[in-house]
Amino acid sequence: MTSVWENLTVDARDPARLARWWAEALGYQVVSESPDEVEIRQSADRLPGLVFVPVTDAKDRKNRLHIDLRPANREAEVERLVDMGARHVDIGQGDVEWTVLADPEGNEFCVLREREE
């Protein structure tokens, strides 16, 4: 027997705002929203989703789990995400072939280079 990946849960000080930011970044939609959680998915019937839940404490260290994005054009995507409110961060990655950004609440994620065919 195996499990099905349902969601990735993200702690957030403002779950509705962060969920909408990620929905715009990924081209996802809000599929459910309550005071306790906001879920986004590619479509209502497609898993997995991202669920944003409220927390009162601020993020204080590097994420132990993060999202990697692989756009068709890394430079253009980094510019778009920064224009949306992401920021460049240095987590000690050194000289690498990807860009490390943080979302509006400081959660790190990577924008990878284009996949070679």
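Me: Why is Glu 39 called buried?

Reply: In this predicted model, Glu 39 has a relative accessible area of 8%. Buried means under 20%, so Glu 39 is buried. The residue lies in strand β3, residues 37-41.

Me: What makes the pair Glu 39 and Arg 41 a polar contact?

Reply: The side chains of Glu 39 and Arg 41 are joined at 2.7 Å. The cut-off for such a pair of N or O atoms is within 3.5 Å, so 2.7 Å qualifies.

Me: Which residues does Glu 39 contact beyond its neighbours within four places in sequence?

Reply: Among them are Asn 7, Gln 29, Ser 32 and Leu 50. Contact here means heavy atoms within 4.5 Å.

Me: Which residues of the largest nonpolar core touch the most other members?

Reply: That core has 20 residues, and those touching the most other members include Trp 21, Trp 22, Ile 40 and Phe 52. Elements that each supply at least two residues include α1 (15-26), β3 and β4 (49-54). Helix α1 gives the most, with six residues.

Me: What makes β5 and β6 edge strands?

Reply: The open sheet has four strands in the order β5-β8-β7-β6, with mixed pairing. Strands β5 (67-69) and β6 (87-88) each have a single partner strand, so one side of each is left without a neighbour in the sheet.

Me: How do you know that β6 and β7 pair?

Reply: Pairing needs at least two bridges. Strands β6 and β7 (residues 99-102) have two bridges, in the antiparallel sense, so they count as paired. The bridge partner of Arg 87 in β7 is Ala 102.

How values were computed:
Residues numbered from 1 in each chain as written. Predicted model: local features only at pLDDT ≥ 70, side-chain atom pairs only at ≥ 80, totals over all residues. Heavy atoms only, no water. Buried < 20%, exposed > 50% of the residue type's maximum accessible area, 1.4 Å probe, protein only. Polar contact = N/O pair within 3.5 Å; in protein donor to acceptor, adjacent residues only side chain to side chain. Core = buried A, V, L, I, M, F, W, Y, C linked by side-chain atoms within 4.5 Å.
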